[in-house]
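Thanks for coming, everyone. Please bring up the structure, and I will walk you through it.

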Amino acid sequence: MIGLGVASAVALALWFARGEPEAPPQATASPPPSAGPQFFSQVPESGLPVPGDRAARRRQLVEHVQLTDHTYCSYLAGSKYPHESRPAAQNPDQLHPNQPVTEMHPMRIEGGGNHAKVFLQTSQSRVYLAAGEAVAFSLRAVDAQGATVPIVITRALAQGMTYGGSRPTPQVALSFADDGGGADPVAGDNAFAGILAPGQTGLGGFHGTIRTEVRYTAGGRNGFVLFDVVYTPVLPAAWTGQVREAVENGSLSFHLGVDVRQPGRYIVTGRVDDARGKPFALATFNDVLAVGAREVKLTVFGKLMTDERPALPLRLRDVDGYLLRENVDPDRLLMPRLEGQVFASRTRTMQGVSDAEWESEERSRYLAEYAKDREAAREQLAAFDPGQPLPPRACAPAAR
């Protein structure tokens with residue numbers, strides 16, 4: 001009885017401390033089974049997905065389907081021609097390699113800073129120089145309105161760039177003139193021009209970057225400008241002048257004879273125009289050549305011709321190339337460039353030209369992987385929302 005009294009006292013103390021007693025738990029009776037039809041299934045323990053979250057998830061899955069579809073179709077379309085034969089429109093920066101490099105910038109003042117009212121226009125005929133080639137430089141000063149500002153050339157020196165403990169190269173003085181001769185087309189127009197021919201100077205044996213520093217006065221201030229070229233003192237290979245064409249494996253090929261003096265991997269690029277002079281294709285050779293009489297093949301892919309239907313005959317022009325040197329600087333030995341038209345094709349019909357897409361192990365492998373990603377994304381969306389149609393494919397699968 002004492003124990004029961006103590007228990008009663010503890011219960012009363014807790015009642016006063018809480019203010020009111022908690023209602024005893026009531027047993028919940030299971031609702032009787034409904035006799036009518038069941039419109040909804042049992043709610044899962046994790047609860048129903050929030051409508052906003054479901055919409056966001058579906059949006060993500062749709063975007064993934066569209067991305068994988070775009071990736072597959074873009075590669076399918078972009079790889080129908082081989083790397084060595086591409087449309088000219090895809091390479092506008094490589095179509096005219098022999099055009100001068102022109103720039104315009106505020107006049108740089110000796111000691112630092114710029115002249116706010118004087119601008120310098122500069123031009124150089126090329127950046128890469130093979131043995132025996134020369135480069136022309138020109139400069140002119142103008143104001144903000146484009147009117148010429150009188151300029152006086154005070155000094156122009158060219159020197160090979162060396163680093164570390166390398167021995168400095170000789171300095172070569174250049175003559176800049178505004179007399180209408182040499183590299184200067186018009187006399188007295190306040191544009192001065194000079195020519196650097198490394199092979200005819202003390203820089204003839206230098207391999208690397210040659211920097212020409214020109215100092216001048218304009219607008220009452222002393223300024224300077226730098227011109228850089230990359231020079232190759234020896235020719236790794238030389239063109240023989242022999243060119244032949246052939247329709248091979250459904251494509252039109254130009255075979256250029258070359259006398260290889262140093263073996264290795266050669267990169268050669270040629271531009272191909274149609275009969276009207278419109279740039280049509282960029283043809284590239286990238287392969288190893290052994291010493292001796294060899295041929296460089298520049299190919300215009302058959303399907304590119306059947307797709308674009310250029311005006312025939314085609315013309316090969318502006319061919320340049322180099323021997324690739326890996327892990328060294330400079331990374332190339334230049335071949336002499338072939339400027340202007342090199343060869344006019346005699347092929348005037350599409351006979352023998354194929355419209356088949358390019359095939360290779362690489363292309364097949366990439367298409368298989370991209371197709372796998374595309375199908376997996378579509379299956380994932382279909383499983384998430386089976387009641388909705390899948391986004392249409394942007395392209396049909398590649399033919400097998």
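**A walk through the chain**

A search of the whole structure turns up one disulfide. Keep in mind that this is a predicted model. The disulfide joins C73 to C395, with an S to S distance of 2.1 Å.

Where do C73 and C395 lie? C73 lies in helix α2, residues 51-78. C395 lies in the segment after α4, and α4 covers 361-384. So the pair ties together parts that are 322 residues apart in sequence.

Next, the handedness. The torsion about the S-S bond of C73 and C395 is about -95 degrees, so this disulfide is left-handed.

Are the two cysteines buried or exposed? The cut-off for buried is under 20% relative accessible area. C73 has 13% relative accessibility, so C73 counts as buried. C395 has a relative accessible area of 18%, so C395 is buried as well.

Let me step back to the whole chain. The secondary structure comes to four helices and 19 strands. The chain has 400 residues, and buried residues make up 38% of them. The accessible surface is about 23400 Å². Carbon and sulfur atoms account for 53% of that surface.

Now the contacts. Take those between residues at least 6 apart in sequence. Of these, 65% join residues at least 24 apart.

Rolling a probe the size of a water molecule over the atoms shows where empty space is left.

The largest pocket has a volume of about 580 Å³. Its lining has 25 residues. Which of them are closest to the centre? They are P97, Y128, R271, D320 and R332. β14 (264-273), β15 (279-289), β17 (315-324) and β18 (332-334) each supply at least two residues. By class, the lining of the largest pocket divides into nine nonpolar, eight polar and eight charged residues.

The second largest pocket holds about 340 Å³ of space. It is lined by 15 residues. Nearest the centre of this pocket are P82, E84, K297, T299 and F301. Which strands supply at least two residues of the lining here? They are β13 (251-260), β15 and β16 (292-300). β15 gives the most, with four residues. By class, the lining of the second largest pocket has four nonpolar, seven polar and four charged residues.

Start with G277, in the loop between β14 and β15. G277 has a relative accessible area of 43%, so it is partly exposed. G277 and R315 are 38 residues apart along the chain. Their C-alpha atoms are separated by 8.1 Å.

The other loop residue is E110. It sits in the loop between β2 (101-108) and β3 (114-124). At 35% relative accessibility, E110 is partly exposed. What does E110 touch, leaving out residues up to four places away in sequence? It touches R215, N222, G223 and F224. For N222 we also have a distance. The C-alpha atoms of E110 and N222 are 5.9 Å apart, while 112 residues separate the two along the chain.

To recap: the disulfide joins C73 to C395, and the largest pocket has P97 among the residues closest to its centre. That is my tour.

Note on methods: Residues numbered from 1 in each chain as written. Predicted model: local features only at pLDDT ≥ 70, side-chain atom pairs only at ≥ 80, totals over all residues. Heavy atoms only, no water. Disulfide = S-S within 2.5 Å. Buried < 20%, exposed > 50% of the residue type's maximum accessible area, 1.4 Å probe, protein only. 1 Å grid on protein atoms, 1.4 Å probe; cavity = no way out; pocket = protein on both sides within 12 Å on 5 of 7 lines; lining within 4 Å. Points joined across faces, edges and corners; volume = space filled by probe spheres on them. Nonpolar A, V, L, I, M, F, W, Y, C, P; charged D, E, K, R; others polar. Contact = heavy atoms within 4.5 Å. Areas by Shrake-Rupley, 256 points an atom, 1.4 Å probe, with all protein chains shown as cover.
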